[in-house]
Amino acid sequence: MSGKVTLIDYGAGNLLNVQRAFEHQGAQVEIATTPEVVLQSDRLVFPGVGAFPEAMAQLQKQELVEAIQQAAQNKPFLGICLGMQMMLEAGEEFVETEGLKLLPGRVKQLPQLGVNDEAMTIPHMGWAKVEPNQVAWDGTLFDQVAENNAFYFVHSYFADVSDPQDQLAVFDFGGHRISAAVQRDNLFGCQFHPEKSGEPGLRLIEAFLKI
(Lines give C-alpha, C1' and ligand atoms only; values in the text may rest on other atoms or scores of the structure.)
Protein backbone atom coordinates (compact mmCIF):
# COMPACT_ATOMS: atom_id res chain seq x y z
CA MET A 1 0.00 0.00 0.00
CA SER A 2 1.41 3.37 -1.02
CA GLY A 3 1.02 5.74 1.88
CA LYS A 4 1.75 8.98 0.04
CA VAL A 5 -1.17 11.17 -1.04
CA THR A 6 -1.16 14.62 -2.63
CA LEU A 7 -4.12 16.93 -1.97
CA ILE A 8 -4.77 19.55 -4.66
CA ASP A 9 -5.24 22.96 -3.03
CA TYR A 10 -6.68 25.79 -5.12
CA GLY A 11 -7.34 28.04 -2.14
CA ALA A 12 -11.10 27.53 -1.97
CA GLY A 13 -11.54 25.57 1.23
CA ASN A 14 -10.13 23.99 4.31
CA LEU A 15 -8.38 20.74 3.45
CA LEU A 16 -7.73 19.86 7.07
CA ASN A 17 -10.61 17.40 7.52
CA VAL A 18 -9.63 15.50 4.36
CA GLN A 19 -5.96 15.53 5.39
CA ARG A 20 -6.80 14.21 8.86
CA ALA A 21 -8.97 11.41 7.46
CA PHE A 22 -6.18 10.19 5.17
CA GLU A 23 -3.58 10.49 7.94
CA HIS A 24 -5.90 8.50 10.21
CA GLN A 25 -5.62 5.66 7.67
CA GLY A 26 -1.83 5.88 7.71
CA ALA A 27 -1.23 8.13 4.70
CA GLN A 28 1.59 10.62 4.36
CA VAL A 29 -0.11 13.76 3.01
CA GLU A 30 1.40 16.60 1.01
CA ILE A 31 -0.39 19.69 -0.34
CA ALA A 32 -0.07 20.71 -3.99
CA THR A 33 -0.53 24.32 -5.11
CA THR A 34 1.76 24.12 -8.17
CA PRO A 35 1.79 21.97 -11.32
CA GLU A 36 5.22 20.58 -10.41
CA VAL A 37 3.95 19.00 -7.18
CA VAL A 38 0.88 17.59 -8.96
CA LEU A 39 3.02 15.94 -11.64
CA GLN A 40 5.43 14.44 -9.08
CA SER A 41 2.65 12.90 -6.97
CA ASP A 42 2.06 9.18 -6.41
CA ARG A 43 -1.72 9.58 -6.15
CA LEU A 44 -3.97 12.64 -6.22
CA VAL A 45 -6.98 13.68 -4.17
CA PHE A 46 -9.03 16.67 -5.34
CA PRO A 47 -11.42 17.95 -2.63
CA GLY A 48 -13.66 20.53 -4.32
CA VAL A 49 -15.35 23.36 -2.44
CA GLY A 50 -17.50 26.22 -3.73
CA ALA A 51 -18.91 26.88 -7.21
CA PHE A 52 -17.82 25.18 -10.44
CA PRO A 53 -16.93 28.34 -12.47
CA GLU A 54 -14.84 29.95 -9.73
CA ALA A 55 -13.06 26.68 -8.97
CA MET A 56 -12.09 26.14 -12.62
CA ALA A 57 -10.93 29.78 -12.88
CA GLN A 58 -8.70 29.31 -9.84
CA LEU A 59 -7.22 26.08 -11.25
CA GLN A 60 -6.39 27.95 -14.44
CA LYS A 61 -4.88 30.84 -12.48
CA GLN A 62 -2.56 28.41 -10.68
CA GLU A 63 -1.80 26.63 -13.99
CA LEU A 64 -3.07 23.35 -12.55
CA VAL A 65 -5.52 22.24 -15.28
CA GLU A 66 -3.04 20.68 -17.70
CA ALA A 67 -1.00 19.20 -14.85
CA ILE A 68 -4.10 17.49 -13.41
CA GLN A 69 -5.13 16.22 -16.86
CA GLN A 70 -1.65 14.82 -17.44
CA ALA A 71 -1.30 13.24 -14.00
CA ALA A 72 -4.79 11.73 -14.16
CA GLN A 73 -3.81 9.67 -17.20
CA ASN A 74 -1.90 7.16 -15.07
CA LYS A 75 -2.03 8.06 -11.35
CA PRO A 76 -4.82 7.06 -8.96
CA PHE A 77 -7.11 10.10 -8.79
CA LEU A 78 -9.99 10.76 -6.38
CA GLY A 79 -12.33 13.72 -6.75
CA ILE A 80 -14.49 14.62 -3.74
CA CYS A 81 -17.82 16.54 -3.99
CA LEU A 82 -17.21 19.44 -6.40
CA GLY A 83 -13.88 17.76 -7.18
CA MET A 84 -15.82 14.82 -8.63
CA GLN A 85 -18.11 17.12 -10.61
CA MET A 86 -15.15 18.97 -12.11
CA MET A 87 -13.84 15.67 -13.53
CA LEU A 88 -16.61 15.89 -16.15
CA GLU A 89 -16.62 17.76 -19.46
CA ALA A 90 -18.73 20.76 -18.44
CA GLY A 91 -20.83 22.26 -15.68
CA GLU A 92 -24.10 24.22 -15.79
CA GLU A 93 -23.74 26.03 -12.45
CA PHE A 94 -24.51 29.75 -13.09
CA VAL A 95 -22.82 29.72 -16.51
CA GLU A 96 -21.64 27.02 -18.92
CA THR A 97 -18.08 26.15 -17.82
CA GLU A 98 -15.61 23.63 -19.20
CA GLY A 99 -14.48 21.00 -16.71
CA LEU A 100 -11.31 18.92 -16.52
CA LYS A 101 -12.70 16.53 -19.16
CA LEU A 102 -11.46 13.39 -17.42
CA LEU A 103 -14.84 11.66 -17.85
CA PRO A 104 -17.65 12.22 -20.37
CA GLY A 105 -20.72 13.90 -18.92
CA ARG A 106 -22.16 17.16 -17.60
CA VAL A 107 -22.87 18.63 -14.18
CA LYS A 108 -26.54 19.60 -13.77
CA GLN A 109 -28.74 20.96 -11.03
CA LEU A 110 -30.49 18.38 -8.88
CA PRO A 111 -34.11 17.76 -9.93
CA GLN A 112 -36.50 20.16 -8.20
CA LEU A 113 -39.29 17.59 -8.38
CA GLY A 114 -39.31 13.93 -7.48
CA VAL A 115 -40.68 11.30 -9.86
CA ASN A 116 -44.12 11.73 -8.20
CA ASP A 117 -43.95 15.54 -8.58
CA GLU A 118 -43.15 16.13 -4.92
CA ALA A 119 -41.00 19.20 -4.22
CA MET A 120 -37.39 18.31 -3.39
CA THR A 121 -35.17 20.18 -0.92
CA ILE A 122 -32.08 21.72 -2.56
CA PRO A 123 -29.31 21.75 -1.52
CA HIS A 124 -29.37 18.08 -0.65
CA MET A 125 -27.78 17.90 2.81
CA GLY A 126 -27.41 14.97 5.15
CA TRP A 127 -26.99 11.21 5.16
CA ALA A 128 -28.01 8.90 2.34
CA LYS A 129 -27.57 5.23 1.56
CA VAL A 130 -25.61 4.48 -1.61
CA GLU A 131 -25.94 1.34 -3.70
CA PRO A 132 -24.40 -0.17 -6.83
CA ASN A 133 -25.76 0.93 -10.17
CA GLN A 134 -24.71 -1.31 -13.08
CA VAL A 135 -21.23 -2.03 -11.75
CA ALA A 136 -20.53 -4.63 -9.05
CA TRP A 137 -18.60 -3.36 -6.04
CA ASP A 138 -16.19 -6.31 -5.84
CA GLY A 139 -12.66 -5.02 -6.25
CA THR A 140 -13.74 -1.33 -6.22
CA LEU A 141 -13.44 1.41 -3.60
CA PHE A 142 -16.69 0.09 -2.09
CA ASP A 143 -15.37 -3.45 -1.69
CA GLN A 144 -15.38 -3.20 2.14
CA VAL A 145 -18.45 -0.94 2.43
CA ALA A 146 -21.52 -2.62 3.92
CA GLU A 147 -24.76 -2.82 1.96
CA ASN A 148 -26.50 -1.06 4.84
CA ASN A 149 -24.45 2.16 4.75
CA ALA A 150 -24.82 5.93 5.00
CA PHE A 151 -22.63 8.68 3.57
CA TYR A 152 -22.78 12.44 4.17
CA PHE A 153 -23.79 14.72 1.27
CA VAL A 154 -23.91 18.51 0.76
CA HIS A 155 -24.63 19.59 -2.83
CA SER A 156 -27.03 21.27 -5.24
CA TYR A 157 -25.62 19.82 -8.48
CA PHE A 158 -24.83 16.29 -9.63
CA ALA A 159 -22.64 14.45 -12.12
CA ASP A 160 -24.71 13.25 -15.08
CA VAL A 161 -22.22 10.82 -16.60
CA SER A 162 -22.61 9.85 -20.27
CA ASP A 163 -21.62 6.21 -19.83
CA PRO A 164 -23.62 4.25 -17.21
CA GLN A 165 -20.56 1.99 -16.70
CA ASP A 166 -18.77 5.01 -15.14
CA GLN A 167 -21.49 5.30 -12.48
CA LEU A 168 -20.16 3.17 -9.64
CA ALA A 169 -22.80 4.07 -7.04
CA VAL A 170 -26.09 5.93 -6.84
CA PHE A 171 -28.44 7.26 -4.16
CA ASP A 172 -32.18 7.83 -4.24
CA PHE A 173 -33.36 11.45 -4.56
CA GLY A 174 -37.12 11.53 -4.85
CA GLY A 175 -37.06 8.43 -7.01
CA HIS A 176 -34.21 9.70 -9.20
CA ARG A 177 -31.03 7.61 -9.17
CA ILE A 178 -28.32 10.23 -8.70
CA SER A 179 -24.57 9.63 -9.07
CA ALA A 180 -22.96 9.03 -5.68
CA ALA A 181 -19.62 7.76 -7.04
CA VAL A 182 -17.89 7.31 -10.39
CA GLN A 183 -15.02 5.13 -11.53
CA ARG A 184 -13.12 4.52 -14.76
CA ASP A 185 -9.74 2.78 -14.69
CA ASN A 186 -7.54 4.85 -12.30
CA LEU A 187 -10.13 7.63 -11.94
CA PHE A 188 -12.53 7.75 -9.00
CA GLY A 189 -14.96 10.32 -7.65
CA CYS A 190 -17.49 10.57 -4.83
CA GLN A 191 -20.25 13.16 -4.48
CA PHE A 192 -20.41 12.61 -0.71
CA HIS A 193 -17.72 13.58 1.79
CA PRO A 194 -15.83 10.43 2.89
CA GLU A 195 -13.97 12.47 5.52
CA LYS A 196 -17.33 13.28 7.18
CA SER A 197 -18.92 9.84 6.72
CA GLY A 198 -17.48 7.92 9.64
CA GLU A 199 -16.52 4.27 9.22
CA PRO A 200 -17.82 3.80 5.63
CA GLY A 201 -15.83 6.85 4.53
CA LEU A 202 -12.66 5.55 6.15
CA ARG A 203 -13.14 2.17 4.43
CA LEU A 204 -13.31 3.96 1.09
CA ILE A 205 -10.18 6.02 1.83
CA GLU A 206 -8.38 2.86 2.87
CA ALA A 207 -9.35 1.18 -0.42
CA PHE A 208 -8.04 4.17 -2.41
CA LEU A 209 -4.69 3.93 -0.62
CA LYS A 210 -4.39 0.26 -1.63
CA ILE A 211 -4.79 0.87 -5.37
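A residue is called buried when its relative accessible area is under 20%, and exposed when that value is over 50%. The model described here is predicted.

**Cysteines**

Cys-81 has a relative accessibility of 8%, so this residue counts as buried. Cys-190 is buried as well, because its relative accessible area is 1%. A disulfide is a covalent bond between the sulfur atoms of two cysteines. How many disulfides does a search of the whole structure find? The search finds 0. For Cys-81, the closest cysteine sulfur is that of Cys-190, at 8.6 Å, and this is too far for a bond. A pair counts as a disulfide when the two sulfur atoms are within 2.5 Å.

Cys-81 lies in strand 4. Its phi is near 55°, which is a positive value in a residue other than glycine.

**Pockets**

Rolling a probe the size of a water molecule over the atoms shows where empty space is left.

| Pocket | Volume | Lining residues by kind |
|---|---|---|
| Largest pocket | about 370 Å³ | 10 nonpolar, 10 polar, 3 charged |
| Second largest pocket | about 180 Å³ | 4 nonpolar, 4 polar, 4 charged |

The lining of the largest pocket is made of 23 residues, and those nearest its centre are Gly-48, Val-49, Gly-50, Cys-81 and His-193. Several elements each supply at least two residues of this lining, namely helix 1 (16–24), strand 3 (44–48), strand 4 (77–81), helix 5 (82–85) and strand 10 (151–155).

The second largest pocket is lined by residues including Gly-139, Thr-140, Gln-183, Phe-188, Arg-203 and Lys-210. Helix 6 (residues 198–209) gives the largest share of this lining, with 3 residues.

**Helix 6**

The 12 residues of helix 6 should span 16 Å at 1.5 Å a residue, and the end C-alpha atoms are 17 Å apart, which agrees. Which residues of helix 6 are buried? They are Gly-201, Leu-202, Leu-204, Ile-205, Ala-207, Phe-208 and Leu-209. An α-helix has 3.6 residues a turn, so residues three or four places apart point the same way. The cover over the buried residues of helix 6 includes strand 1 (4–8), helix 1, strand 3, strand 4, strand 10 and strand 14 (187–190).

**Loops and backbone**

Most residues other than glycine have a negative phi, and most peptide bonds are trans. Glu-63 is not a glycine, yet its phi is positive, at about 60°. This residue sits in the loop between helix 3 (52–61) and helix 4 (65–71). Glu-63 counts as exposed because its relative accessibility is 60%.

The peptide bond from Ile-122 to Pro-123 is cis, with omega near 5°. Pro-123 is placed in the loop between strand 7 and strand 8. Val-115 is also found in the loop between strand 7 (105–109) and strand 8 (124–128). Leaving aside residues up to four places away in sequence, Val-115 touches Gly-174, Gly-175 and His-176. Between Val-115 and Glu-131 there are 16 residues in sequence and 19 Å in space, C-alpha to C-alpha.

Is Asp-166 buried or exposed? With a relative accessible area of 3%, Asp-166 is buried. Its loop runs between strand 11 (157–161) and strand 12 (167–173). Not counting residues up to four places away in sequence, the residues that Asp-166 touches include Leu-103, Pro-104, Val-161 and Arg-184.

Conventions
Residues numbered from 1 in each chain as written. Predicted model: local features only at pLDDT ≥ 70, side-chain atom pairs only at ≥ 80, totals over all residues. Heavy atoms only, no water. 1 Å grid on protein atoms, 1.4 Å probe; cavity = no way out; pocket = protein on both sides within 12 Å on 5 of 7 lines; lining within 4 Å. Points joined across faces, edges and corners; volume = space filled by probe spheres on them. Helix = DSSP H or I, 4+ residues; strand = E, 2+ residues; numbered from the N terminus. Nonpolar A, V, L, I, M, F, W, Y, C, P; charged D, E, K, R; others polar. Expected span 1.5 Å × (residues − 1). Buried < 20%, exposed > 50% of the residue type's maximum accessible area, 1.4 Å probe, protein only. Contact = heavy atoms within 4.5 Å.
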